[in-house]
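Thanks for coming. I have one structure to take you through this morning, so please have a look at it while I talk.

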Amino acid sequence: MTNLIEIDNLGKRYDGFALADVSLAVEPGSVVGFIGSNGAGKTTTLKAALGLIGADTGTVRLFGEEVRPGASALDALKARIGVVLDTCAFPGTCTVKAVGSIGRAAYASWDSARFAALTERFELAPKKKVSELSRGMGMKLTLAFALAHHPELLILDEATAGLDPLAREDVLELLREFMAEGERGIFMSTHITSDLEKIADEVICLDAGRVVFSLPKDAITDEAGVARCRTAELEAVLAADFLSADAIRIERHGFGCNLLVPDRFAFARAFPDIPVDAATIEDYMTLTLKGESR
Ligand SMILES: Nc1ncnc2c1ncn2[C@@H]1O[C@H](COP(=O)(O)OP(=O)(O)OP(=O)(O)O)[C@@H](O)[C@H]1O
């Protein structure tokens, strides 16, 4: 089966920043979450995936076809993709209805009825101007625009940022509906890791331009854990060689520490007196990025 997105060894250098050897794939039927600190390189990767910037090294394939910025074949590929970048891209003077006209002119597969239904669902009045929309409303308009031409792939950069919890739940529901129809896929960057707990199949974390982990979401939320150790207990765990040296991630605090464990059930069997909680994606990312190795 051809991957919707396939990025191999992507490299891009800016003054003071380098994206290095980023490889990832979005398979049909999967939602891939892209996380990492501010400035880690997520938007740069998404832009390279869309051919909006050229890479220094590596290749990007969309639907199996290599992406080269400026190539005419890129337009046909882009027609199969819905994109939401982190700002509302339409002129402030445009009304919601006029944004629909832009879509009709831009996409052969534009579905006016679908756009009208989505803007109604998001309570975006047709006469409202883009400049009069709140940030969250602007994101909803951009999402309606991205979905109304029936894309096969969604690329979302912080698409739920600025939305209140109810609106975020609405958007997640819309994304679930999108995924329910056929072999589609979503590649979404976000700082709201709890959204990924609800919708992602895979989680990829970038730090300083490099992939630091790429895991099925269930390997984090259903298997990993955070052990709450006192100092003496930590020493016992480390002495028992329960964790491989490169997997040790410790966050120390007043009377002990939090220890990341890849398999919380095995840990609980081995150390029944040490409490261990299920890891959230945020725990996993924070301990991986900021935890001490010993
Ligand atoms: N056009 C550009 N020219 C120079 N540097 C750039 C350019 N675009 C991005 N950068 C730099 O690349 C680095 C990565 O930025 P990027 O926007 O990809 O990070 P991010 O992971 O999306 O961050 P955030 O979570 O804050 O949105 C940053 O140091 C940024 O300053």
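Strand β3 runs parallel to β9, and four bridges join the two. Within that pairing, Val-32 stands opposite Glu-202 in β9. β3, residues 31–35, also runs parallel to strand β8, residues 185–189, again through four bridges. There, Val-31 stands opposite Ile-186 in β8. A note on terms: helices (H or I, at least four residues) and strands (E, at least two) are DSSP runs, numbered from the N terminus. Two strands pair if DSSP finds at least two bridges between them.

Before I go on, this is a predicted model: local features need pLDDT of at least 70, side-chain atom pairs count only at pLDDT 80 or more, and totals for chains, interfaces and linings use all residues. Residues are numbered from 1 along each chain as its sequence is written.

Back to β3. How many of its five residues are buried? Five of the five are, so the strand is largely enclosed by the rest of the structure. Buried here means that 20 or more other C-beta atoms lie within 10 Å of the residue's own; exposed means 12 or fewer, partly exposed is in between, and C-beta atoms are placed from the backbone. Val-31, Gly-33 and Ile-35 point one way from β3, while Val-32 and Phe-34 point the other way, and all are buried.

Next, helix α1, residues 42–49. Six of the eight residues of α1 are buried, so this helix too is largely enclosed by the rest of the structure. The buried ones are Lys-42, Thr-44, Thr-45, Leu-46, Ala-48 and Ala-49. After α1 comes Gly-51, with a positive phi near 70°.

α1 matters for the next item, the ligand, in one plain sense: the helix gives the largest share of the shell around the ligand, three residues. The residues around the ligand are Tyr-14, Phe-17, Gly-36, Asn-38, Gly-39, Ala-40, Gly-41, Lys-42, Thr-43 and Thr-44. A residue counts as near a molecule or strand if its C-beta atom, placed from the backbone, lies within 6 Å of it. By class, the shell has three nonpolar, six polar and one charged residues. The classes are these: Ala, Val, Leu, Ile, Met, Phe, Trp, Tyr, Cys and Pro are nonpolar, Asp, Glu, Lys and Arg are charged, and the others, Gly among them, are polar.

Now an open sheet of four strands, in the order β2-β1-β4-β5, with antiparallel pairing. β2 (17–26) and β5 (65–66) stand at the edges with a single partner strand each, so one side of each is left without a neighbour in the sheet. Strand β1, residues 5–14, is joined to β2 by seven bridges, and the two run antiparallel. Glu-6 stands opposite Ala-25 in β2.

On to the domains. The chain is divided into domain 1 (5–218) and domain 2 (224–290), with bounds that come from an automatic or database domain assignment. Their C-alpha centres lie 35 Å apart. What does the contact take from each domain? It takes 10 residues from domain 1 and six residues from domain 2. Two residues are in contact if their C-beta atoms, placed from the backbone, lie within 7 Å. On the side of domain 1 that touches domain 2, the elements giving two or more residues are α7 (193–199), β9 (202–207) and β10 (210–216). That side has six nonpolar, two polar and two charged residues.

β11 pairs with strand β13, residues 256–261, in the antiparallel sense over six bridges. β11 is also joined by three bridges to strand β14, residues 276–278, again antiparallel. Gly-225 has bridge partners in both: Val-261 in β13 and Ala-278 in β14.

Last, the overall numbers. The chain has 11 helices and 14 strands, and of its 294 residues, 38% count as buried. Confidence is given by pLDDT, the predictor's confidence in each residue, from 0 to 100. The chain averages 92, and 99% of the residues score at least 70. Confidence is lowest in helix α2, residues 73–78, at a mean of 78, and highest in β9, at 98. For the complex, the predictor gives an ipTM of 0.97 and a pTM of 0.94.
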